[in-house]
Amino acid sequence: MSTLNAVTLDQVVDTARYPLSELESAEGQAVVSRARRELLDVGCTVLPDFIRPSLRDVLRQECSAIAPRAHFDVETVNVYNIAVDSALPEDHPGRRTFQRGNAFVARDRVPAGSLISRLYSHTAFQRFVARCFGLPQLHELADPLSGLVLNVVEPGMEHPWHFDTNEFTVSMLTQEAQAGGVFEYCPNIRSARDESFDDVRDVLDGRGERLTRRLALQPGDLQLFKGRYSLHRVSPVQGEVARHSAIFAYSERPGVIGSVARTRQLFGRVLPGHLAAEGRAVRGDQLLD
């Protein structure tokens, strides 16, 4: 079933609760205000039951059908996604390494008619997300692989502690694990001016409980997150069911394409567009990753 071919956005999203097309209404302003407040205070907000419960099975089935298309690789990484043999001081948190065993279905392998694809490209959804982040506009990535992806974490695997390259992340759990697979994060543990290496080291060494929060996400919940400054992970998945989540990647400027190295790391391949764009990226800060 190509969900949004057959039904309208109002039938997919609980627009009585989240009035995407009426953001100037009292209800719309209240939702946006709450999201902005939570993003400012703790770097994260969750909009529960964003997808109507009647379509949760469709959401899960569509994403489960494409999960086998994921590029899977186990690699040794650090929280900054830089080379693990980088010349760093002995006690630097970038020297702590982890085994990352998650996988990603690239955008060109996500059917255009699927619920997550139609939602990602819907202008009302984009305006809503931009408003929640306090931005005038958002753009879909020009990257043919990483604009919209499905993250797959198989049983026994995890997405270890890391920071995001983008300042903000939009995601939706589509299938929960039987056990484990919990989203854990450390709100605003660093800033654009301060890496806070001591606090990051405490979390990696198991002394960061005071800094850590955990979210009980349910399929169909929409999560808005500032992952550039908040260390975060998905804990090891247990049981026999993989954890699936859709990641909607946007940028404040048009034409954004991922680096060759990072794209190959995530998807095992690059396309001519990545090669052509290499070296044109502009950094907004001087943080490690």
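Let me start with strand 5, residues 102–105, and strand 7, residues 148–153, which in this predicted model pair in the antiparallel sense over 4 bridges. If you look for Asn102, you will find that its bridge partner in strand 7 is Val153.

These two strands belong to an open sheet of 7 strands with antiparallel pairing, and the order across that sheet is 1-13-9-16-7-5-2. Strand 1 (44–47) and strand 2 (71–72) stand at the edges, and each has a single partner strand, so one side of each is left without a neighbour in the sheet. For those new to this, strands of a sheet pair through backbone hydrogen bonds, either parallel or antiparallel.

Now, which helices lie across these strands? Helix 4, residues 56–66, lies across strands 5, 7, 9 and 16, and runs at about 95° to strand 9, while helix 6, residues 123–132, lies across strands 1, 9, 13 and 16, running at about 45° to strand 13.

Let me turn to helix 7, residues 197–204, where the buried residues are Val200, Arg201, Asp202, Val203 and Leu204. What covers them includes strand 4 (98–100), strand 8 (159–162), strand 11 (183–186) and strand 14 (231–234). After helix 7 comes Gly206, which has a positive phi, near 85°.

Finally, the whole protein, which has 9 helices and 17 strands. For 289 residues, a compact globule would have a radius of gyration near 19 Å, and the value of 18 Å for the protein agrees with that. Buried residues make up 52% of the 289, and among contacts between residues at least 6 apart in sequence, 84% join residues at least 24 apart.

Definitions and conventions: Residues are numbered from 1 along each chain as its sequence is written. This is a predicted model: local features need pLDDT of at least 70, side-chain atom pairs count only at pLDDT 80 or more; totals for chains, interfaces and linings use all residues. Side-chain values use heavy atoms; hydrogens and water are left out. Buried means under 20% relative accessible area, exposed over 50%, partly exposed in between (1.4 Å probe, protein chains only). Contact means heavy atoms within 4.5 Å. Two strands pair if DSSP finds at least two bridges between them. Axes are lines fitted to C-alpha atoms, for helices over the stretch in contact, and angles run from 0 to 180 degrees between N-to-C directions. The radius of gyration is taken over C-alpha atoms; the globule rule is 2.2 Å times the number of residues to the power 0.38.
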